[in-house]
Amino acid sequence: MKQAIQETLAQVANQVEQQLQTTKKRFSWYEIKNYLLAVIPTGILTGLIFWLLTKYFGYQER
């Protein structure tokens with residue numbers, strides 16, 4: 001019984017390791033670089049738009 005449990009745990013650990021290796025291959029540096037090149041300019045533009053909106057249409061002190 002104990003040996004069967006250990007074998008099952010070893011199989012599960014092996015499957016988890018294989019899935020981790022697949023995930024590491026899937027997210028290469030090339031893909032991460034492309035993601036950041038898409039996200040960072042979008043964030044900067046969004047921040048700029050909201051800053052302009054609050055500057056011209058936001059609360060104004062008198």
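The following exercises, each with a worked solution, concern a predicted model of one protein chain.

**Exercise 1. Overall form**

Determine how the radius of gyration of the chain relates to that of a compact globule of 62 residues.

Solution. Begin with the reference value: a compact globule of 62 residues would have a radius of gyration near 11 Å. Next, take the value for the chain, which is 25 Å. Then consider the box filled by the C-alpha atoms, which is roughly 80 × 30 × 10 Å along the principal axes.

**Exercise 2. Burial and surface**

State what percentage of the residues of the chain count as buried, and what the exposed surface consists of.

Solution. Of the 62 residues, 0% count as buried. The chain exposes about 6400 Å², and carbon and sulfur atoms supply 65% of this area. A nonpolar patch on the surface includes Leu 45, Ile 49, Trp 51 and Phe 57 among its members; together, the residues of the patch have about 1000 Å² of accessible area. One of them, Ile 49, lies in helix H2, which covers residues 29-57.

**Exercise 3. Val 39**

Is Val 39 buried, partly exposed or exposed?

Solution. First, locate the residue: Val 39 is found in helix H2. Second, take its relative accessible area, which is 36%. Third, apply the cut-offs: buried means under 20% and exposed over 50%. Val 39 is therefore partly exposed, because 36% falls in between. As a further step, the C-alpha atoms of Val 39 and Trp 29, 10 residues apart along the chain, are separated by 15 Å.

**Exercise 4. Charges**

Give the number of positive and negative side chains and the separation of the centres of the two sets.

Solution. The chain carries 7 positive and 4 negative side chains. The centres of these two sets lie 7 Å apart.

Terms used:
Residues numbered from 1 in each chain as written. Predicted model: local features only at pLDDT ≥ 70, side-chain atom pairs only at ≥ 80, totals over all residues. Heavy atoms only, no water. Rg over C-alpha atoms; globule rule 2.2 N^0.38 Å. Buried < 20%, exposed > 50% of the residue type's maximum accessible area, 1.4 Å probe, protein only. Areas by Shrake-Rupley, 256 points an atom, 1.4 Å probe, with all protein chains shown as cover. Lys, Arg positive; Asp, Glu negative; His and termini not counted. Charge placed at Lys NZ, Arg CZ, Asp CG, Glu CD. Patch = residues over 30% accessible without salt bridge, like charges linked within 9 Å, V, L, I, M, F, W, Y side chains within 5 Å. Salt bridge = Lys/Arg side-chain N within 4 Å of Asp/Glu carboxyl O. Helix = DSSP H or I, 4+ residues; strand = E, 2+ residues; numbered from the N terminus.
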